[in-house]
Amino acid sequence: MLNILMSMTKEGASDGPQFVAPAKTSRDTLITTAYRLHRTRWRILEPYRRLKNALKKLQEDYLKSKEANALMRYVKLGQSVREVAMLEKQYWKLLNIPAQEGTEDANCYVVKIIELLEETPTQLPPTRGIGALLQSTIGKPAESNVDTVLYDSLKARKSEDLVKECEALYAQLYRLTKKYLGLRRLIKELHDKYDATRMFPIVPRYAMLKKMIKATLRAPEFADICHEQTE
């Protein structure tokens, strides 16, 4: 599979990765490649949607808060920011994905992400006793069924269709990873700013809350996803 992923064109002006299957690629290798690309994309989609939904709710709450008086708006803004900032501490709901290094080729970066997430187990919320035992087993049969359905679906497709799917998935995975990291950065900055204002009096903190929300909602990373639907 890695031979396929590394056999990509580097020509042209595109900043993103471009998948090109070697001429003698076996059908089984194409199926495995598409399967791993799908699995990696799914792995990132869940935390990405969680961050996206939280930031879009922050935007909605901010607009609605304008209808309230100053005191009520202060309370509402504080609650809204706190809900988003708390995601930074809920590590089991997120993924730790390294940023692309300045000199790192986009193609090599995508391969690194695929390998990293395949080696990283799914995080579970901190718990003890019987709860930990149940969390370690719940959902595994359903996940196995989804994997089986995916693999069977891929086996039923023509080789040329598998190549096209790999091309699309490769670009989607790169784009999704970059957007996810952008939202992680916004949440981290919001968390740090919120923490730094907790001991301030109401009047200056009210202005600080509005300023940090505006900075978040005006950031390029949010502008990149604000048109997407809440999921």
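Start by selecting glutamate 104 and lysine 112: their side chains are joined by a polar contact of 3.1 Å. A polar contact here is a pair of N or O atoms within 3.5 Å; within protein, one must be able to donate a hydrogen and the other to accept it, and residues adjacent in sequence count only if both atoms are side-chain atoms.

Before moving on, some ground rules: this is a predicted model, where local features need pLDDT of at least 70 and side-chain atom pairs count only at pLDDT 80 or more, while totals for chains, interfaces and linings use all residues. Residues are numbered from 1 along each chain as its sequence is written, and side-chain values use heavy atoms, with hydrogens and water left out.

**Stop 1: around glutamate 104**

Glutamate 104 sits in the loop between α3 and α4 (106-119). (Helices are DSSP runs of H or I with at least four residues, numbered from the N terminus.) Is glutamate 104 buried or exposed? It counts as buried, because its relative accessibility is 16%. The cut-offs are under 20% relative accessible area for buried, over 50% for exposed, and partly exposed in between, using a 1.4 Å probe and protein chains only. Now show what touches glutamate 104: leaving aside neighbours within four places in sequence, you'll find Ala99, Tyr109 and Lys112 in contact, meaning heavy atoms within 4.5 Å.

**Stop 2: lysine 93**

Stay in the loop between α3 and α4 and pick lysine 93. At 31% relative accessibility, lysine 93 is partly exposed. Not counting residues up to four places away in sequence, lysine 93 touches Pro47 and Arg50.

**Stop 3: asparagine 107**

Hop into helix α4 and select asparagine 107. With 6% relative accessibility, asparagine 107 is buried. Alanine 171 is 64 residues away from asparagine 107 in sequence, yet their C-alpha atoms are 9.7 Å apart.

**Stop 4: helix α3**

At the start of α3, zoom in on asparagine 69: one of its side-chain oxygens comes to within 3.2 Å of the backbone nitrogen of leucine 71. Next, color Arg73, Tyr74, Leu77, Gly78, Ser80, Val81, Val84 and Ala85, the buried residues of α3. They cover an arc of only 165° around the axis, so they lie on the same side of α3. (The arc is that of the directions from the helix axis to the C-beta atoms.) These buried residues pack against α2, α7 and α8.

**Stop 5: α2 beside α3**

Two packed helices are described by the angle between their axes and the distance between the axes. For α2 and α3, the angle is about 180° and the axes are 10 Å apart. That makes α2 roughly antiparallel to α3, a label for angles over 145 degrees. To see where they meet, select residues including Leu55, Leu58 and Tyr62 in α2, and Leu77, Val81 and Val84 in α3.

**Stop 6: helix α8**

Finish with α8, residues 202-217. Which residues of α8 are buried? Select Arg205, Tyr206, Leu209, Met212, Ile213, Thr216 and Leu217. Their arc around the axis is only 135°, which puts them on the same side of α8. The partners they pack against are α2 (27-65), α3 (70-85), α7 (159-196) and α9 (220-223).

How values were computed: Helix = DSSP H or I, 4+ residues; strand = E, 2+ residues; numbered from the N terminus. Expected span 1.5 Å × (residues − 1). Axes fitted to C-alpha atoms, helices over the stretch in contact; angles between N-to-C directions. Parallel < 35°, antiparallel > 145°, perpendicular 65-115°, else oblique.
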